[in-house]
Amino acid sequence: TVEELCGIAMEQWTADRWRTCQSASKILVGTPEVFRSSLVDKGFMKAASISLCVFDECHNATGNSAMASIMRDSIIPFCNDPLLDATQELPRIVGLTASFVNGKCQNLITKRHNLEALMQAEMWAPCPEQMEAMTQEREFILVDNWALPNKSEDLKTWATDTVEAYLRPLADALAPIKTSSKVASHAAHVLI
């Protein structure tokens, strides 16, 4: 079974409630903060009980974020414990992201290495041959005019304008949240 863990009620959970949840469910899905609180602050959950940990938007695992704390303060110390039984299965970590950059597009190599070190992983993206094999069974729409500008200073403008052009038809749906130009500006860094 799958258990969804989120919300303020999680703060009231006891060690017994966590044990019951873990024994009754094979898959736990929740916000990083819920798991950080249980693993790091309260110690209700142990890294040894994790077989697979999937971090979505793992580029946000920086500084004092909940994802960074889970890795730095719970999973990495467990995996590096010299007293760990050699037969103990270690948690497998999967980090998903469209862009490994969090914040400004500066010091990219350092940011990549820091994220890889924290996630105890290497970044991987499919090579063109793998992409070709994956796309043979799927239908894709060709998007025209995605050529990059020649001058690097025009790159952010190009990316923002391109994303905004695709978001304009969704302007009414986005209006209650943000303008399409604001969403485009925030999303443009994925393209550059």
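The stops below concern the salt bridges of this predicted model.

**First stop: helix 2.** Select helix 2, which covers residues 32-41, and show Glu33 and Arg36. These two residues form a salt bridge, with 2.4 Å between the closest N and O atoms. They are three residues apart in the helix, about one turn. Are the two partners buried or exposed? Glu33 is partly exposed because its relative accessibility is 40%, whereas Arg36, at 14%, counts as buried.

**Second stop: Arg72 and Asp73.** Select Arg72 and Asp73 next; their side chains meet in a salt bridge with an N to O distance of 3.5 Å. Arg72 has a relative accessibility of 36% and is therefore partly exposed. Asp73 is likewise partly exposed, at 39%.

Move to helix 4, residues 108-119, and select Arg112 and Glu116. A salt bridge joins their side chains, at 3.2 Å from N to O. The two residues lie four positions apart in the helix, so about one helical turn separates them. Arg112 is partly exposed, with a relative accessibility of 32%. Glu116, at 13%, falls under the 20% cut-off and is therefore buried.

Key:
Residues numbered from 1 in each chain as written. Predicted model: local features only at pLDDT ≥ 70, side-chain atom pairs only at ≥ 80, totals over all residues. Heavy atoms only, no water. Salt bridge = Lys/Arg side-chain N within 4 Å of Asp/Glu carboxyl O. Buried < 20%, exposed > 50% of the residue type's maximum accessible area, 1.4 Å probe, protein only.
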